[in-house]
Amino acid sequence: MKMKLAIVQFFMISLLLSSSLFMLSNADSSSCNGKCNARCSKAGRQDRCLKYCNICCEKCDDHCVPSGTYGNKDECPCYRDMKNSKGQPKCP
């Protein structure tokens with residue numbers, strides 16, 4: 001009986017820890033979504049802007065996105081320095 005109780009407790013603790021980690025990972029992506037929505041709000045091709053902005057935000061350790069809808073890239077060196085395959089800036 002004690003063994004079954006220990007197994008149930010183990011699974012409950014595992015479930016709580018895994019759900020906490022899932023919520024933390026979603027918090028990062030949702031912060032990128034919010035920042036990128038603001039960044040791309042005036043873009044002509046919002047779908048494309050949001051796609052690349054979110055890619056850049058997720059790749060940066062601090063999940064940094066420059067303020068405003070254009071420019072200000074010096075605020076986020078990681079975001080600023082990413083290049084596409086042609087050597088052009090990747091992030092909007």
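The legends below describe close-up views of a predicted model.

**Figure 1. Overview of the predicted chain and its confidence.** In this predicted model, the chain contains three helices and zero strands, and read along the sequence its elements follow the pattern α-α-α. Of the 92 residues of the chain, 20% count as buried, while the accessible surface comes to about 6900 Å², with 62% of that area belonging to carbon and sulfur atoms. Among contacts between residues at least 6 apart in sequence, 41% join residues at least 24 apart. The mean pLDDT of the chain is 84, and 80% of its residues reach 70 or more.

**Figure 2. The segment of residues 20-27.** Over residues 20-27 the pLDDT stays under 50, and for this segment the model has zero contacts beyond four places in sequence. Where pLDDT is low, the predicted coordinates should not be read in detail. The segment falls in the residue range of α1, which is given as 2-39.

**Figure 3. Helix α2 and its buried side.** Helix α2 has 14 residues and reaches 20 Å from its first C-alpha to its last, which is close to the 20 Å expected at 1.5 Å a residue. Its buried residues are C49, C53, N54, C56 and C57. These residues lie on the same side of α2, because they cover an arc of only 165° around the axis. An α-helix has 3.6 residues a turn, so residues three or four places apart point the same way. On the face of α2 turned away from the buried side are the exposed residues D47 and K59.

**Figure 4. N54 within helix α2.** N54 is placed in helix α2, which runs over residues 46-59. Is N54 buried or exposed? With a relative accessibility of 19%, N54 counts as buried, because the cut-off for that class is under 20%. When its neighbours within four places in sequence are left aside, N54 is in contact with C32, N33 and C36.

**Figure 5. The largest nonpolar core and the surroundings of V65.** The largest nonpolar core of the model has 14 residues, and those with the most contacts inside it are C53, V65 and Y79. Helices α1 and α2 each supply at least two residues of this core, and the largest share, four residues, comes from α2. Not counting residues up to four places away in sequence, V65 touches K35, C36, R39, C53, C57, C76 and Y79.

**Figure 6. D61 and H63 in the loop between α2 and α3.** D61 is placed in the loop between α2 and α3, and H63 lies in that loop as well. D61 is exposed, with a relative accessible area of 78%, whereas H63 counts as buried at 13% relative accessibility. The C-alpha atoms of D61 and C78, which are 17 residues apart along the chain, are separated by 8.3 Å. For H63, the backbone angle phi is near 50°, a positive value in a residue other than glycine.

Figure 7. Phi of N72 is near 60°, a positive value in a residue other than glycine. Leaving aside neighbours within four places in sequence, G71 is in contact with R39 and P66. The C-alpha atoms of G71 and R39, although 32 residues apart along the chain, are separated by 9.8 Å.

**Figure 8. R80 in helix α3.** R80 is placed in helix α3, which covers residues 77-81. R80 is partly exposed, with a relative accessible area of 29%. Apart from its neighbours within four places in sequence, R80 is in contact with K73 and D74. The C-alpha atoms of R80 and P92, twelve residues apart along the chain, are separated by 8.9 Å.

How values were computed
Residues numbered from 1 in each chain as written. Predicted model: local features only at pLDDT ≥ 70, side-chain atom pairs only at ≥ 80, totals over all residues. Heavy atoms only, no water. Buried < 20%, exposed > 50% of the residue type's maximum accessible area, 1.4 Å probe, protein only. Contact = heavy atoms within 4.5 Å. Expected span 1.5 Å × (residues − 1). Arc of directions from axis to C-beta. Core = buried A, V, L, I, M, F, W, Y, C linked by side-chain atoms within 4.5 Å. pLDDT = per-residue confidence, 0-100. Areas by Shrake-Rupley, 256 points an atom, 1.4 Å probe, with all protein chains shown as cover.
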